[in-house]
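Dear colleague,

Please find below the structure that I am handing over to you. My findings follow it.

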Amino acid sequence: MDPISDFLTRIRNAVKARHKVLEVPASNLKKDITRILYEKGYILNYKFEDKGPQGSIKIALKYDEATRQPAIRHLERVSTPGLRKYVGSEELPRVLNGLGIAIVSTSQGVMTDKEARQRGIGGEVICYVY
């Protein structure tokens, strides 16, 4: 089973069910993805808890107050354990012509496609968010 796909599916399901808070098992990659989602405004807040051997991440999901639409409209896993997707700096994808983000795992850490393009590095495309 793929833990990153499970993480993204839990977020998708919580958004569809209109949950306010979601709790998922933690890992370093999941923490980095959560941090990026917070920095780019897709979630309200997050908190890392060190209970148990693995720990967990509590995520407060974000919705538009007027229309009650979720901030995360689409969350798609790109690179899977069975088929990894690596790209160079010149081949980094543009999600919705720059309106969305692609989360990329590089040799310098996990970052968005825009940051990787500015630094001139490529890596593994983890997911698309818009």
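Two strands are said to pair if DSSP finds at least two bridges between them. The model is a predicted one, and the pairing described here was computed from its atoms.

Among the residues involved, Y46 has I59 in β3 as its bridge partner, and N45 is partnered by A60 in β3. The two strands form a hairpin with six residues between them. Within that turn, G52 has a positive phi of about 80°.

The pair belongs to an open sheet of three strands, ordered β1-β3-β2, with antiparallel pairing. Which strands stand at the edges of this sheet? They are β1 (21-25) and β2 (43-49); each has a single partner strand, so one side of each is left without a neighbour in the sheet. From one strand to the next, the twist averages 20°.

**The helices on the sheet**

Two helices pack on this sheet. Helix α1 (residues 3-16) touches β1 and β3, and its direction makes about 165° with that of β1. Helix α2 (residues 28-39) touches β1, β2 and β3, and its direction makes about 150° with that of β2.

**Helix α1**

α1 has 14 residues and reaches 20 Å from its first C-alpha to its last, close to the 20 Å expected at 1.5 Å a residue. Its buried residues are I4, F7, L8, I11, A14 and V15. These cover an arc of only 125° around the axis, which puts them on the same side of α1. What do the buried residues of α1 pack against? Their partners are β1, α2, β3, β4 (75-77) and β8 (123-129). The helix is followed by R18, whose phi is positive, near 60°.

**Helix α2**

At 1.5 Å a residue, the twelve residues of α2 should span 16 Å; the end C-alpha atoms of α2 are 17 Å apart, which agrees. The buried residues of this helix are K30, I33, T34, I36 and L37. They cover an arc of only 160° around the axis, which puts them on the same side of α2. After α2 comes G41, which has a positive phi near 85°.

**The residue D2**

I would also draw your attention to D2, which lies in the segment before α1. Is D2 buried or exposed? With a relative accessible area of 13%, D2 counts as buried, because the cut-off for a buried residue is under 20%. The side chain of D2 makes a polar contact of 2.6 Å with that of S5, and another of 3.0 Å joins the side chains of D2 and R77. When neighbours within four places in sequence are left aside, D2 is in contact with R77 and P81.

With kind regards

Conventions
Residues are numbered from 1 along each chain as its sequence is written. This is a predicted model: local features need pLDDT of at least 70, side-chain atom pairs count only at pLDDT 80 or more; totals for chains, interfaces and linings use all residues. Side-chain values use heavy atoms; hydrogens and water are left out. Helices (H or I, at least four residues) and strands (E, at least two) are DSSP runs, numbered from the N terminus. Axes are lines fitted to C-alpha atoms, for helices over the stretch in contact, and angles run from 0 to 180 degrees between N-to-C directions. Contact means heavy atoms within 4.5 Å. Buried means under 20% relative accessible area, exposed over 50%, partly exposed in between (1.4 Å probe, protein chains only). A polar contact is a pair of N or O atoms within 3.5 Å; within protein, one must be able to donate a hydrogen and the other to accept it, and residues adjacent in sequence count only if both atoms are side-chain atoms. The expected span of a helix is 1.5 Å times one less than its number of residues. The arc is that of the directions from the helix axis to the C-beta atoms.
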